[in-house]
Amino acid sequence: MPTPHNAANPGDIAATVLMPGDPLRAKLIAQTYLEDVKCFNTVRGMLGFTGTYKGKRLSVMGSGMGMPSMGIYSYELFTVYDVQRIIRIGSMGAYCAEAKLRDVMLVTSAWSQSTFARVQNGCEDDVLFPGEELTGIIRRTARAIGQPLLEGRIHSTDVFYTAPGAFDFAACSREKGCLGVEMESFALFHNASACGKEAACLATVSDSFVSEEKLSAEERQTSFDAMMRLALEAAIV
């Protein structure tokens, strides 16, 4: 049945869901890549769509920004709508010179200072992992289509605007092994584990703390195409 955040009925959402943060990007993906598209949610502007990609049923839905928002939507997808796999497709800021603008990163673990997992079910871990099977599918799909991948740990943070000097990204990279930063994967990985489901994360480098380079809004739109195509191909395996 519908929830306070999702108007979909059982059966409206596919077993695999791609989740960009931006609901308008979800709409773009649906309109650009899917056929026979149906919008299943407009509540709070968090757009969700189901269609087919190369004949396989697939859904795409925005997660919103940050762990609380990702936590709500991914939990409902897993528990209310029986979604089996979620692939996050988002942007990241680079913490090291190795991660360059437009690189596509397959996240192999997420470190966070967040209390999300502890509050949700008492989990005290500060490093969480994606689903091994789904991550392996993405890795093999990338090789098959010739898509280069950067792999490693990401910093999943609760705070976008930190006070000057309050956080040392270089120390985070050096001491925690984080290649970059985003705001959702820790909550997604936790919910998947808690619900016995699979989750993975792909992220495109959109800006760099090292070089201070960043993509424009228009460049983000076009540069994310490689990540989206990889996620689509992996989602139908």
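A helix crossing is called right-handed if the near helix is turned clockwise from the far one by less than a right angle, and left-handed if anticlockwise. The model is a predicted one, and the points below should be read with that in mind.

1. Helices H2 and H6. The crossing of H2 with H6 is right-handed. H2 covers residues 67–79 and H6 covers residues 185–195; they pack at an angle of about 25 degrees, and their axes are 8 Å apart. Angles under 35 degrees count as roughly parallel, and H2 and H6 are therefore roughly parallel to each other.

2. Residues between H2 and H6. On the H2 side, the contact is made by Met 67, Met 70, Gly 71, Ser 74, Tyr 75, Phe 78 and Thr 79. H6 contributes Phe 186, Ala 187, Leu 188, Asn 191, Ala 192 and Cys 195. Sorted by class, this contact has nine nonpolar and four polar residues, and no charged ones. An α-helix has 3.6 residues a turn, so residues three or four places apart point the same way.

3. Burial of H6. How many of the eleven residues of H6 are buried? Eight are, and the helix is mostly covered. The buried residues are Ser 185, Phe 186, Ala 187, Leu 188, Phe 189, His 190, Asn 191 and Ala 192. Just after H6, Gly 196 has a positive phi of about 70 degrees.

4. Helices H4 and H8. H4 (residues 132–145) packs against H8 at an angle of about 115 degrees, with 9 Å between the axes. This crossing is right-handed. The contact is made by Ile 137, Ile 138, Thr 141, Ala 142 and Ile 145 from H4, together with Leu 230, Glu 233 and Ala 234 from H8. By class, six of these residues are nonpolar, one is polar and one is charged.

5. Burial of H8. Helix H8 (residues 225–235) is largely enclosed by the rest of the structure, because eight of its eleven residues are buried. The buried set consists of Met 227, Met 228, Leu 230, Ala 231, Leu 232, Glu 233, Ala 234 and Ala 235.

6. Thr 141. This residue lies in H4 and, at 9% relative accessibility, counts as buried. Leaving out residues up to four places away in sequence, Thr 141 touches Leu 230, Glu 233, Ala 234 and Val 237.

7. Thr 135. Thr 135 is also in H4 and counts as buried, at 5% relative accessibility. A polar atom of its side chain lies 2.8 Å from the backbone oxygen of Gly 131. Beyond neighbours within four places in sequence, Thr 135 is in contact with Leu 106, Pro 130 and Ala 200. Phe 49 is 86 residues from Thr 135 in sequence, and their C-alpha atoms are 23 Å apart.

8. Ser 109. What does the side chain of Ser 109 make a polar contact with? The partner is the side chain of Arg 153, at 2.8 Å. Ser 109 lies in strand E6 (residues 104–111) and is buried, with a relative accessible area of 4%. With neighbours within four places in sequence set aside, Ser 109 is in contact with Val 127, Leu 128, Phe 129, Pro 130, Gly 152, Arg 153, Ile 154 and Phe 189. Of these, Phe 189 is one of the buried residues of H6.

Note on methods:
Residues numbered from 1 in each chain as written. Predicted model: local features only at pLDDT ≥ 70, side-chain atom pairs only at ≥ 80, totals over all residues. Heavy atoms only, no water. Buried < 20%, exposed > 50% of the residue type's maximum accessible area, 1.4 Å probe, protein only. Helix = DSSP H or I, 4+ residues; strand = E, 2+ residues; numbered from the N terminus. Polar contact = N/O pair within 3.5 Å; in protein donor to acceptor, adjacent residues only side chain to side chain. Contact = heavy atoms within 4.5 Å. Axes fitted to C-alpha atoms, helices over the stretch in contact; angles between N-to-C directions. Nonpolar A, V, L, I, M, F, W, Y, C, P; charged D, E, K, R; others polar. Parallel < 35°, antiparallel > 145°, perpendicular 65-115°, else oblique.
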